[in-house]
Each structure stands twice: as structure tokens, then as C-alpha cells.
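Please look at the sequence and the structure shown below before reading on. The paragraphs after them are meant to be read with the model in view.

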Amino acid sequence: MHPITQAIRTQTERTGEMEHSSPLFLTSSFCFDNAEEMRAAFADENDDNIYSRFSNPSVKEFVDRMCALEGAEAGYATASGMSAVFASFMTFLKKGDHLVSCNAIFGSTHTVITKYLPKYGIEYTYVPANKPEIWKDAIRANTKMIYIETPTNPGLDIIDLEFAGRLARENNLILNVDNCFATPVNQVPIKFGADIVLHSATKWIDGQGRVLGGVVVGKEKMIHEIYLFCRSTGPALSPFNAWVLSKSLETLDVRMERHASNALYIAQQLEHHPKLSWLKYPYLKSHPQHAVALKQMNNGGGIICFELKGGLESGRKFLDNLNMFSLTANLGDTRSIASHPASTTHAKLTEEERLAVNITPGLIRISVGLEHRDDILADVLQTLDKC
Ligand SMILES: Cc1ncc(COP(=O)(O)O)c(C=O)c1O
């Protein structure tokens, strides 16, 4: 069966009510008929549910569907994308270990790597996302993991997964990939050698901006370690959020196709606009890693970024004059969203710090929604006129 069919048809076992849609198991714990059954469950002699911090049928359905899409043996779902990122670091890294990470990563991941991992004696080296040829120089005797995002947030650099997989294998390192921007219907990092793949399910997977969630998938043995860490530390996904996210996976493929076709159209129309100094979209020939995108992605995804000629002030004007777009700290929604990192998410950094992570003053990130493409384009064009 195709993974997309599996993601639609994998379902919690039908109850005696003969429901068609999956029921929601909104419960914190599960009952046992007798002491022996309870003992056996606690002794890990079977897969019986005990407590929803450990497992829950609604969460299991979401995880099983994600594993089908990512071609993974096992998974564990977390309360947010950040708890998935944190669990993947804390499970496999210890004092004295070294992490190699691409430098263009989501802001909170950057904070975890630079502020919190060093508190536990875990060192890191950032490598440029667009210069994989120099990554080897960053690997040391104590390096344990390579961490990457592709496409990167918000700069849309594309990292060659085949290259990263080979580098990790040759140096006996764990390759950990944040696949949030592409989603598994567009890109399957495990095929290229990733050991762990994680997501902020809050974005495209939910797709309608309703719930927070995260998930880590990979080889069974490694996921078991993540499960043991999370079972004790408590970042479990709520059953309600899992139920919402699991339903969303049934439409992920069709949604992403439209997000991507809308985004490609908008990118093509704006590429040579006189108010922009550059525009990046993975499926445009002008993207510096276009060939890599074609190799590992089924489409260009739903995010476009570009640089406004007028810098910081133009960025503010761009946001202020949008009529339809939402100004909100999320992406991957049915509704188009615009953000200007330099005046919002990255405003506390100095200009030098922003430039070091490729946040230029006029950088705009657009999450292209499912509205009619003509309306999306019209809103961008009219605000560009005023910038
Ligand atoms: C690429 C990427 N990874 C991780 C996260 C963190 O996810 P969450 O907000 O669900 O904790 C985000 C959030 O924007 C993201 O864009």
C-alpha cells in the first residue's frame, strides 16, 4: 500500500459502537481487570496502555500514520515541535559530546543549542547550510550528531540529504533532520540516510493553526530511547491534539500539492518584481540549490522568501499594508501568512547577529495558503506598491 493510503487507512481499532471516524480517547489513564494484568503491563510484558504520558490510542494512531509517511519503524509524539527537538538532543547527547548543526535553524532550536546544551556540557559547532563541502572540518572525535533543517527556516536553503546521510554514516554519527518545512509527502529524509526525523506538527501537519504538536520518528531502537526519556520527563502529546493532527494527515497530501502549486505561481509572478532585490523558492531555477531540491523534494513547498529593497522600514510597510494576509507567528495554515523576522521574531538580536543567521533587514517570509492564487498575488502586489 502507498504511504499516503496507509496514512488515511491506518486507524484505531473499531469499538463496539461501529464508528467510521476514529474515536477520541480523552483519558489520562487506563484500567485493568485484575492485579496480574496490571503487574504484567508495568513489567512491560505487553503493550497495554497504562497512562497517557506513556501511550494513548489517539496518539498511537497519529504516530503510526506519521511512521507510514516517513518510512520509519517507530515514533513518539510530543506536545510541541520544540519538545521533539529537545528530546532528540537530550536522549542521545551527554556531557562532553559535540553537536554539528547547520547555522540556519528555527530560532528556539538555536536557543536550545547555544544557551541550554552548553549548560549540560554539550558543545556545538555551526556549519553554513549552503557550504556542505566544509562540514567535514567541523567533525571532532567527540562529535555524536549532525542536526539539520531542510528547507531552512526562514532562508529556504536546501541541504543535500544524500550528502548529509553519507557524511553521518562515514563518521558514525546520528543524522537528525527537522522535516517540518517539507512534510513527509514532499520529502522523506530516511530514504537518504537520516536516523531520526522530527516535526513541528503545529505547522503544515495540522494545517489550520489549531493545535501544537510534535513527533520524532526513526529506527525502533533509537525511538525506544526517546520514549524512555519522554515517559519520565513528560512532554507527551495530548490525546485531543493527536486526534486533530491524525485527522489532518488524511488531507496532508492534497493540501500540500495546492500550497506548493500556489506558492510556485506566486514565486514566478514576483521573481522579477522591481521592489525586490531577490526572491527564493526551491522550485525556481534561480534558487542556488535548485538541483538538490529537484532531487529530494516532490515539490517546492509552501514557503517563499524575498528581500525588500527598502530594508527594515519597507518590511514594516509591507506588513502594515496587507489586506488579506494574516500577521501571526505561525506558518503552514490554510490562510496565507506574512512575517518580517527583523522587526518581530528576531528583533532582539543585533543586526550583526541577525546577519550571521541570514536574517537580512528586508527579509519577508510568506506561508502561502489555500486561498485562490489570484487573491494571494493581488494582496502582495498592492502592498509592494506601497513599500
Ligand atoms: C522548522 C521548525 N522547527 C521547529 C519548530 C518548533 O515547533 P513548535 O512551535 O511546535 O514547538 C518550528 C516552529 O515554528 C519550526 O518552524
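The structure is a predicted model. The protein contains 13 helices and 11 strands. Along its principal axes, the C-alpha trace spans about 75 × 55 × 35 Å. A compact globule of 387 residues would have a radius of gyration near 21 Å, and the protein agrees with this because its own value is 21 Å. Buried residues account for 47% of the 387 residues. Among contacts between residues at least 6 apart in sequence, 73% join residues that are at least 24 apart.

The domain assignment divides the protein into domain 1 (3–14 + 22–249) and domain 2 (252–386). Taken over C-alpha atoms, the centres of domain 1 and domain 2 are separated by 26 Å. Where the domains meet, 29 residues of domain 1 are in contact with 30 residues of domain 2. On the side of domain 1 that touches domain 2, the elements giving two or more residues are helix 5 (107–116) and helix 8 (239–249). By class, this side of domain 1 has 14 nonpolar, 12 polar and 3 charged residues.

The interior may be considered next. In soluble globular proteins, nonpolar side chains tend to be buried together. The largest nonpolar core here has 102 residues, and those with the most contacts inside it are Leu99, Val215, Val216, Ala263 and Ile304. This core lies between domain 1 (3–14 + 22–249) and domain 2 (252–386), because both give residues to it.

Which residues come nearest to the ligand? Of the 14 residues around the ligand, they are Ser80, Gly81, Met82, Ser200 and Thr202. The shell around the ligand consists of 5 nonpolar, 7 polar and 2 charged residues.

The loop between strand 4 (143–149) and helix 6 (161–170) contains Gly155. Is Gly155 buried or exposed? Gly155 counts as buried because it has 20 C-beta neighbours inside 10 Å. Leaving aside neighbours within four places in sequence, Gly155 is in contact with Ala104, Cys305 and Asn358. Gly155 and Asn358 are 203 residues apart along the chain, yet 6.7 Å separate their C-alpha atoms. Pro151 also has its place in the loop between strand 4 and helix 6, and a cis peptide bond with omega of about -5 degrees joins Thr150 to Pro151. Pro154 lies in this loop as well, and the peptide bond from Asn153 to Pro154 is cis, with omega near 0 degrees.

Helix 2 (residues 35–42) is hardly covered: among its 8 residues, the count of buried residues is 0. Helix 2 is followed by Asp44, which is found in the loop between helix 2 and helix 3 (57–70). Asp44 has a positive phi near 60 degrees, although this residue is not a glycine. Asp44 is exposed, because 9 other C-beta atoms lie within 10 Å. Met18, in the loop between helix 1 (3–9) and helix 2, is not a glycine either and has a positive phi of about 60 degrees. With 6 other C-beta atoms within 10 Å, Met18 is exposed.

Methods: Residues are numbered from 1 along each chain as its sequence is written. This is a predicted model: local features need pLDDT of at least 70, side-chain atom pairs count only at pLDDT 80 or more; totals for chains, interfaces and linings use all residues. A residue is near a molecule or strand if its C-beta atom, placed from the backbone, lies within 6 Å of it. Ala, Val, Leu, Ile, Met, Phe, Trp, Tyr, Cys and Pro count as nonpolar, Asp, Glu, Lys and Arg as charged, and the others, Gly among them, as polar. Helices (H or I, at least four residues) and strands (E, at least two) are DSSP runs, numbered from the N terminus. The radius of gyration is taken over C-alpha atoms; the globule rule is 2.2 Å times the number of residues to the power 0.38. A residue is buried if 20 or more other C-beta atoms lie within 10 Å of its own, exposed if 12 or fewer, and partly exposed in between; C-beta atoms are placed from the backbone. Two residues are in contact if their C-beta atoms, placed from the backbone, lie within 7 Å. Domain bounds come from an automatic or database domain assignment. A nonpolar core is a set of buried Ala, Val, Leu, Ile, Met, Phe, Trp, Tyr and Cys residues joined through C-beta atoms within 7 Å.
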